[in-house]
Amino acid sequence: MVSFTLNGTEKTFDGDPDTPLLWVIRDFEKLTGTKYGCGVAQCGACTVHLDGSPRRSCITPISMVEGSDVVTVEGISGAEADAVHKAWLALDVPQCGYCQSGQIMSAVALLQLTPKPSDEDIDGAMAGNICRCATYQRVRQAIKDAAGMMEG
Amino acid sequence: MTFQMITTTRRGFLQGAGLVIGIAVAPKAFAASVAQGVPAGGGSGLPQMNAFVKVGTDDTVTILSKHIEFGQGPFTGLATLVAEELDADWNQMRAVHSPADDKVYANLMFGMQGTGGSTAIANSYEQYRTAGATARAMLVAAAAEEWGVPAAEITVEKGRIRHAASGKESGFGALADKAAQQTPPTDPKLKDPKDFVLIGKDLPKLDTAEKSNGKAIYTLDVLADDMLFAVVAHADHFGATVKSFDDGEARKVQGVVDVKQVPQGVAVYADNTFAALKGRAALTVEWDLSKAETRSSSELEADFAKMVAEKGIDAVNKGDVGKAFSEPGVQSLEAEIVFPFLAHAPMEPLDAAFVMGDDGVLDVYTGAQFPGGDHMAAAQVLGLDASKVRLNTQLAGGSFGRRAQFGSPYMQEAAEVYKASGGKRPLKHMWTREDDIRGGFYRPMYLHRMKGAIDADGKVVAWDQTIVGQSIMGKASTELDDSSVEGAHTLPYAIGNLRVISHNVALTIPPLWWRSVGHTHTGFAVETFVDELLQKVGKDPVEGRLAMLTNEPRHTGTLKRVAEMADWGSAVPVGRERGVAVVKSFGTYVSQIVEVSRDEGGFPRVHKVWCAVDCGQPINPNVIAAQMEGGVGYGLGAVLFDEVTLGEGGKIVQSNFHDYRSIRINEMPHVEVAVIASTEKPTGVGEPGVPPIGPATANAWRRLTGTPVRRLPIVPGGVS
């Protein structure tokens, strides 16, 4: 039995302890904003916050989540999340949209740690998030705009 | 009650099919077991299989998109067409997928429902505007009746209907029911483009919010109570079949429910996705390779090279190419360019969900690019009458051509899996990334042999090109497939002697169109080779092209524009070079200039891309720019990194994003886009951003390093 919180709510899981957090979130908790893209931590579509840090949920076995706080795109909140959402809307960042939950989770985590990220900071934090539609230019600008909103 | 545009075969005033205003009854309740998956008011939630636009009593205007939304913006674009003629306020517009119907929702360029070939706006431009204009006329008629004033005195602006003299005013919703009682106009007048207020503006996209908060529902997100999750073990050779399998260990996996052989492999059914994956990994399958492709990519390439010398099909043969090369004083240039197999690798791998509806009709959910084909495939495999299957198109996580397949082989697999399950529980079938990369339906491998002749004055006088590869359209070896030669046999450059020969190769590896189809390779071959010819005679890449584009004003327009944007001819930073390319595809003209340096690994680093696009009347410049940016990223990633190869014995080498690379944010150049103003009929933008980026990059690279690119990807093995 694994106990953890998901978007602030206490949860338990008593299935196969090898089950990746991604599938616990999706198949058992029915929160589908967190996506499957590769299953091997190459694309970042499954990014969640685990105890405040971005984590690829597709390779994180639920057994490692014991006692942790998990936040998904459905539960993300705070000044950084608000600014990121606003910036995403203003620039119409998504195309197909499938990777965008992961992009947003990585972007919010970046801004929480680095309120005024440089291009290199953005590359470092976001290079693990693949977007096959290649919305990268707008992702980059939206992160900068969000940083600007928080500043001013 | 609300009214909606409906089509019947009884009354005709639009495209012969007949679009009339009908009364919608309250949507039928959905199967109670569906926990999520259908957007409110969308898909089969609408009871009548024939609406294009629905004005709700709540003042919302919902357009039913006959085209799937997987990133290229048809929801926004089609809604713009309706809103323009309806004089709606943009904030009241909504969009959902239409039901599957090859007649009512036919792509007017295909004759069946389908999204592809960058046609969504082009084929819908008048149809959706007419739907909007019809709805407007009905609302105005209703207002005239309600207020007892002449319809001619009524104006509509931003969703408000007004009669100035009496001071009467209303929104759409309050008049929707009365509007439904009006006689539809037989020939609603469309606006003169000079009167457009929404078309041509950067309206915000309709689907951004739900795609930014995790609420957008894709096929993978369709859930039902008691759902089964299934994956299939596939062969790692094309054409292989199951010889035998041992499922003893798989059945021991916690959550695995069943294992069944299906024509495509071995299906594992489980109570959750992970159990299905774990069960699949525990299977032992022996494959029968007797009919499989066992040649490696290099063996295939050698076979392709042999075919160049054989007799092919003339796609074009004008002037006298042979004679031109033997004229005195003529110098020639030759090149052979090899293109690899490419997987589309959309972010959401292929998937489908099956849920029996409470009305006894099976609901099938999938990212349907050819909804009618997917519908028929599911019905046929399941042995059901078509009326007993409802195909619900979902948002899809990209496609790039992958979801458009004749005969719907993916849906056949999913339906076989559902059929073999016995259909007692709702079922989701998904491909993993490995299934996707190794699943075939690739942009085929091609080999181009190029030969050009330049006369004593430095003028290109002959062009001789031979293209060897699979026919995407499945043509016989004696029959020309235009999609193999498009852009080459229609060479825009004025060259008197032009010959393009095509060879169709038959392979067991299934081919498919990949974002921009033939232009993925012909654009590269033509634009790199013409650049080399120009360099050989010391001509400027832009000026030299312009001189040969004697009868091509729109190529010329974008090329001149992009040269202005990049300040072509100005000093380039030390260590960098620039390259240019212009390609017309799907009726849209795109010119790009790139600035490239050599990175630490010795490979190209693209810093900046300038892009000018002429797609006729722009509907939404912001969406057009996004498609150019995306096309650049998608195309650049492929030419730099991507290939699917067959190793010794024909085994597929790549499997996931670690060895089938995608471009990442740190590799993405900044793209600056100019949309050419035009009142020509609109053409598409989903694909045309792709073809120029490869040759423009290769041209810059050649000018920087002296080395022409003769083989893609540029980065061997895709890993830099």
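## Sheet of chain B

Two strands are taken to pair if DSSP finds at least two bridges between them. In this predicted model, S16(B) and strand S24 (residues 497–505) of chain B meet that condition, pairing in the antiparallel sense over 5 bridges. B:Lys318 stands opposite B:Leu498, a residue of S24(B).

This pair belongs to an open sheet of 5 strands in chain B, whose order is S16-S24-S23-S22-S17 and whose pairing is mixed. Strand S16 (313–318) and strand S17 (331–339) of chain B are the edge strands, each pairing on one side only. On average, and with direction ignored, neighbouring strands of this sheet are turned by 5 degrees against each other.

## Helix across the sheet

## Interface between chains A and B

The two chains meet through 47 residues of chain A, which are in contact with 51 residues of chain B. On the side of chain A that touches chain B, at least two residues each come from helix H1 (21–28), helix H2 (79–91), helix H3 (100–113), helix H4 (119–126) and helix H5 (136–151) of chain A. H5(A) gives the most to this side, with 4 residues.

Sorted by class, the side of chain A that touches chain B comprises 24 nonpolar, 15 polar and 8 charged residues.

Methods: Residues are numbered from 1 along each chain as its sequence is written. Chains are lettered from A and ligands numbered from 1 in the order in which they are written. This is a predicted model: local features need pLDDT of at least 70, side-chain atom pairs count only at pLDDT 80 or more; totals for chains, interfaces and linings use all residues. Two residues are in contact if their C-beta atoms, placed from the backbone, lie within 7 Å. Ala, Val, Leu, Ile, Met, Phe, Trp, Tyr, Cys and Pro count as nonpolar, Asp, Glu, Lys and Arg as charged, and the others, Gly among them, as polar. Axes are lines fitted to C-alpha atoms, for helices over the stretch in contact, and angles run from 0 to 180 degrees between N-to-C directions.
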